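Please read the following explanation with the sequence and the model side by side. It goes from the overall fold to the sheet, then to the helices and single residues.

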Amino acid sequence: MRNVYFNHDGSVDDLVSLLLLLQMPDVTLTGVGVVGADSYLEPALAASRKIIDRFGHGVQLNVAASNSRGVHPFPKEWRLDAFSLDALPILNEAGTINTPIASKPAHLDLIDKLQETEGKTTLVMTGPLTDLARALTVDPTITAKIDKLYWMGGTFDGRGNVAEPEQDGTTEWNAFWDPQAVKTVWDSAIAIQMVGLESTRQVPLTPAIRQHWALQRQHPAIDFIGQGYALVPALQHFETNSTYFLWDVLATVASESPAVVTTKEVTSDVLTTGPGRGRTFEIPDGRPVTLVTTVDHDAFFKRIDELAILAD
Ligand code: AGV
Ligand code: CA
C-alpha cells in the first residue's frame with residue numbers, strides 16, 4: 001500500500017480526482033486539504049467531505065481547510081462551480097455529513113499527517129502549491145517524509161491558459177495563482193512529476209467522452225463524474241478560455257498508473273516577477289522535474305472507468 005496525501009482546489013476535476021483516489025486499491029489516503037483557489041472554500045470543503053462519505057468505502061478521514069490566499073485570484077465564474085457540485089443530489093441523499101473538518105489549517109495538517117504517518121507519503125496536488133510551500137517554510141524536515149510530488153500545474157511550451165490583463169499568456173493558472181509558492185517547492189529537494197498543459201491538451205473533455213459516461217450511468221461514480229462535468233459545458237468547435245481538459249484527473253491517474261503516460265526529465269526554473277510570472281521554463285542545470293509528455297488517451301479513460309466502477 002502507498003500513502004497518499006491529496007491537496008486540491010475544489011474545481012470539478014479536483015473533486016473527480018478525490019473520488020478516484022478513494023477507489024485506488026493500493027492507495028491509503030492519509031489526508032485531504034482543500035484550498036479555495038479555483039473554487040469557494042465552503043462548498044469545496046463540503047463536497048469533499050460528502051464524496052468521502054458517499055464513495056470512500058467507510059474510510060475514516062478528515063478534511064483540512066486551507067487559509068492560503070493567492071496573488072492572482074481565479075475568475076469568480078469558475079469558482080462558483082463548487083456550489084453546484086456540492087448541491088448535486090447524489091452527494092446529498094444522506095442529508096448529513098460525517099467526515100469531519102480537521103482541526104488545523106491545511107498546511108499544518110499536511111505537516112502533521114506526513115510526520116505521523118509511518119514511512120513516506122506521496123503528495124498529489126491539483127491546485128496551487130501554496131500549502132506545500134508554507135508547510136516547507138514551517139517545517140523543512142517534511143521533505144524526508146515525502147516520496148514524490150505529483151502536481152498538475154505549469155507548462156513548458158509557452159502556451160499558458162491565463163487570459164487576464166497584465167501577463168504575457170505563457171503561464172498556467174495553478175502556477176499563476178501563487179508563483180512564489182512554485183519557486184519555493186522548486187527550491188526544495190522533493191522529487192516532482194509534473195503534468196503541465198502540454199500533455200493535458202491530449203485529453204480534452206469532448207462530447208464523445210460525455211456520451212461514454214452517459215451510457216454508464218448505472219454506475220453511481222460514473223453518473224457522478226458525468227453530472228460533475230455537465231457543470232462545465234464548453235464551446236466544442238475551437239479551443240477557448242473555457243475549454244475543459246482532464247487536467248487534474250490526468251495527474252491523479254498517472255500517479256497510480258504510470259503506464260498511461262510517457263515522461264521525460266527536464267531541468268527547469270520558474271519566473272516569480274514580470275509579465276511571465278508563474279511561467280515554468282527549461283534551463284540547463286535547472287531544477288530536475290519529471291514532465292509528462294504524452295498520454296495513452298484510451299488507456300487513460302479506461303482506467304477512469306475501472307476505478308469508478310470499484311465504487312459500485
Ligand atoms: O489550469 C488548470 C487547473 C486545473 O487544476 N484549473 C482547472 C483544473 O482544476 C484552472 C482552470 C484553467 N481553465 C479553467 C480552469 C476553466 N476553463 N475552468 C475552470 N478552471
Ligand atoms: Ca485544480
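The protein has a radius of gyration of 18 Å, which agrees with the value near 20 Å that a compact globule of 312 residues would have. The radius is taken over C-alpha atoms, and the globule rule is 2.2 Å times the number of residues to the power 0.38. Along the principal axes, the C-alpha atoms fill a box of roughly 50 × 50 × 35 Å. This is a predicted model, in which local features need pLDDT of at least 70 and side-chain atom pairs count only at pLDDT 80 or more, while totals for chains, interfaces and linings use all residues. Residues are numbered from 1 along each chain as its sequence is written, and chains are lettered from A and ligands numbered from 1 in the order in which they are written.

Of the 312 residues, 51% are buried. A residue is buried if 20 or more other C-beta atoms, placed from the backbone, lie within 10 Å of its own, exposed if 12 or fewer do, and partly exposed in between. Among contacts between residues at least 6 apart in sequence, 82% join residues at least 24 apart; a contact here is a pair of C-beta atoms, placed from the backbone, within 7 Å.

The secondary structure comes to 13 helices and 9 strands. These are DSSP runs numbered from the N terminus, helices being H or I of at least four residues and strands E of at least two. An open sheet of 9 strands has the order β3-β2-β1-β4-β5-β6-β9-β7-β8, with mixed pairing; two strands pair if DSSP finds at least two bridges between them. β3 and β8 stand at the edges with a single partner strand each, so one side of each has no neighbour in the sheet. From one strand to the next the twist averages 30°.

Both senses of pairing can be followed in the sheet.

Helix α5 (residues 106–116) is largely enclosed by the rest of the structure, because 8 of its 11 residues are buried. These include L108, L110, I111 and L114, as well as D109 and K113. The buried residues of α5 pack against strands β1, β2, β3, β4 and β5 and against helix α6.

Two packed helices are described by the angle between their axes and the distance between the axes. Helices α12 (residues 247–256) and α13 (residues 297–309) pack at about 80°, with axes 11 Å apart. They are therefore roughly perpendicular, a class that covers 65 to 115 degrees. V249, L250 and V253 of α12 meet F300, R303 and I304 of α13.

Two single residues complete the tour. D38 lies in the loop between β2 and α2 and counts as buried because it has 28 C-beta neighbours inside 10 Å. Leaving out residues up to four places away in sequence, D38 touches D9, G10, S11, F74, W78, R79 and G127. A214, in helix α10 (residues 207–214), is partly exposed, with 13 other C-beta atoms within 10 Å. A214 and T30 are 184 residues apart in sequence, and their C-alpha atoms are 32 Å apart.

How values were computed:
Contact = placed C-beta atoms within 7 Å. Axes fitted to C-alpha atoms, helices over the stretch in contact; angles between N-to-C directions. Parallel < 35°, antiparallel > 145°, perpendicular 65-115°, else oblique.
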